[in-house]
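Please read the numbered points alongside the sequence and the model.

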Amino acid sequence: YGTVLSERVARCLAFLASAVRKVPREADASSLRIEKLLRALTVSQLRALVAMDQHQGFGGAAESLGVRVPSLHRAIGELEGTLGADLVYREKRAVRLNTLGHEIALLFNLGLEELRSAAAEIKESDGLLEGNVTVGAVRAAAAGVLPAAIRRLSAQLPAARFIITNDQYEQMLLKLDRK
C-alpha cells in the first residue's frame with residue numbers, strides 16, 4: 001500500500017508543482033518558492049478551482065461541491081492570494097476562469113485524480129475493483145466487440161460501473177483534455 005500511495009502522491013505533487021510554475025514570477029522560480037507555495041495550498045482550494053473550471057461559475061461549482069457560494073468565493077480568493085495571480089474573470093453578470101486559471105485547474109484536477117486513483121488502486125490490489133470504468137469507442141467497436149467485453153468484465157467486477165463514450169476518434173481525444 002505504501003508503494004502505491006507514495007507513487008501516486010509523487011505524481012500528484014508533480015502536477016501541483018507544474019501548476020504553480022505556470023504563475024508568472026519576476027525572478028524567483030526556485031524550488032524553495034515552489035515548495036513553500038505547495039505547502040500553502042489546501043484541498044478545498046484545489047477542488048474549488050477545478051469545480052469553477054468544470055461548471056464555469058460560482059453557483060454551479062458551489063452546488064457540485066456541496067458548499068455555499070461565499071465559501072467558494074473565499075477559497076478562490078485565498079488561492080489567488082497564495083499564488084499572487086488572478087485566476088478568474090469577474091464581470092457584472094459572468095464569472096469564469098481566465099486562461100491561467102483554466103491551465104492551473106487542469107493540472108490541479110490531474111493531481112487530485114492521482115489521489116483518487118490511489119484509493120482505487122489500493123482496493124484493486126486487495127481484489128476489489130469498484131468505481132467507474134470509462135471506455136471511449138469508435139462506432140464500429142461499440143457495436144461489435146465492446147458489449148461482449150463489458151459483459152465478461154461485469155461478471156468479474158460486479159462493483160464497477162461502465163461509462164461508454166461513443167464518438168469519432170478526434171472528438172474523444174479532445175474530450176480527454178477536459179477530464
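What share of the 179 residues in the chain do buried residues make up?

1. Overall composition. The model is a predicted one. Buried residues account for 32% of the 179 residues in the chain. The chain holds nine helices and four strands, and their order along the sequence follows the pattern α-α-α-α-α-β-β-α-β-α-α-β-α. Of the contacts with a separation of 6 or more, 62% are between residues 24 or more positions apart.

2. Helix 1 and helix 6. Helix 1 (residues 2–21) packs with helix 6 at an angle of about 175°, and their axes are 8 Å apart. Angles over 145 degrees count as roughly antiparallel, and helix 1 and helix 6 are therefore roughly antiparallel to each other. On the helix 1 side, the residues in contact include Val4, Leu5, Arg8, Cys12, Phe15 and Leu16. On the helix 6 side, Ile104, Leu107, Phe108, Gly111, Leu115 and Ile122 are among them. By class, this contact of helix 1 with helix 6 comprises 14 nonpolar, three polar and four charged residues.

3. Lengths of these two helices. At 1.5 Å a residue, the 20 residues of helix 1 should span 28 Å, and the end C-alpha atoms of helix 1 are 28 Å apart, which agrees.

4. The buried residues of helix 1. Val4, Arg8, Cys12, Leu16, Ala17, Ala19 and Val20 are the buried residues of helix 1. These buried residues pack against helix 2 (31–40), helix 3, helix 5 and helix 6.

5. The start of helix 6. Asn98 lies in the loop between strand 2 (95–97) and helix 6. Asn98 caps the N-terminal end of helix 6, with a side-chain oxygen 3.1 Å from the backbone nitrogen of Leu100. The side chain of Asn98 also reaches the backbone oxygen of Asp86, at 2.9 Å. Not counting residues up to four places away in sequence, Asn98 touches Asp86, Leu87, Val88 and Tyr89. Is Asn98 buried or exposed? Its relative accessibility is 12%, and because buried means under 20%, Asn98 counts as buried.

6. Helix 3 and helix 5. Helix 3 (residues 43–55) and helix 5 (residues 69–83) pack at an angle of about 105°, and their axes are 9 Å apart. Helix 3 is thus roughly perpendicular to helix 5, the range for that description being 65 to 115 degrees. Ser44, Gln45, Ala48, Leu49 and Met52 of helix 3 meet Leu72, Ala75, Ile76, Glu78, Leu79 and Thr82 of helix 5. Sorted by class, the contact of helix 3 with helix 5 has seven nonpolar residues, three polar residues and one charged residue.

7. Ala61. This residue belongs to helix 4 (residues 58–65). Ala61 is buried, with a relative accessible area of 0%. Leaving aside residues up to four places away in sequence, Ala61 touches Ala51, Met52, His55 and Leu72. Two of these residues, Met52 and Leu72, also take part in the contact between helix 3 and helix 5. Ala61 and Ala48 are 13 residues apart in sequence, with 7.1 Å from C-alpha to C-alpha.

Notes
Residues numbered from 1 in each chain as written. Predicted model: local features only at pLDDT ≥ 70, side-chain atom pairs only at ≥ 80, totals over all residues. Heavy atoms only, no water. Axes fitted to C-alpha atoms, helices over the stretch in contact; angles between N-to-C directions. Parallel < 35°, antiparallel > 145°, perpendicular 65-115°, else oblique. Contact = heavy atoms within 4.5 Å. Nonpolar A, V, L, I, M, F, W, Y, C, P; charged D, E, K, R; others polar. Polar contact = N/O pair within 3.5 Å; in protein donor to acceptor, adjacent residues only side chain to side chain. Buried < 20%, exposed > 50% of the residue type's maximum accessible area, 1.4 Å probe, protein only. Expected span 1.5 Å × (residues − 1).
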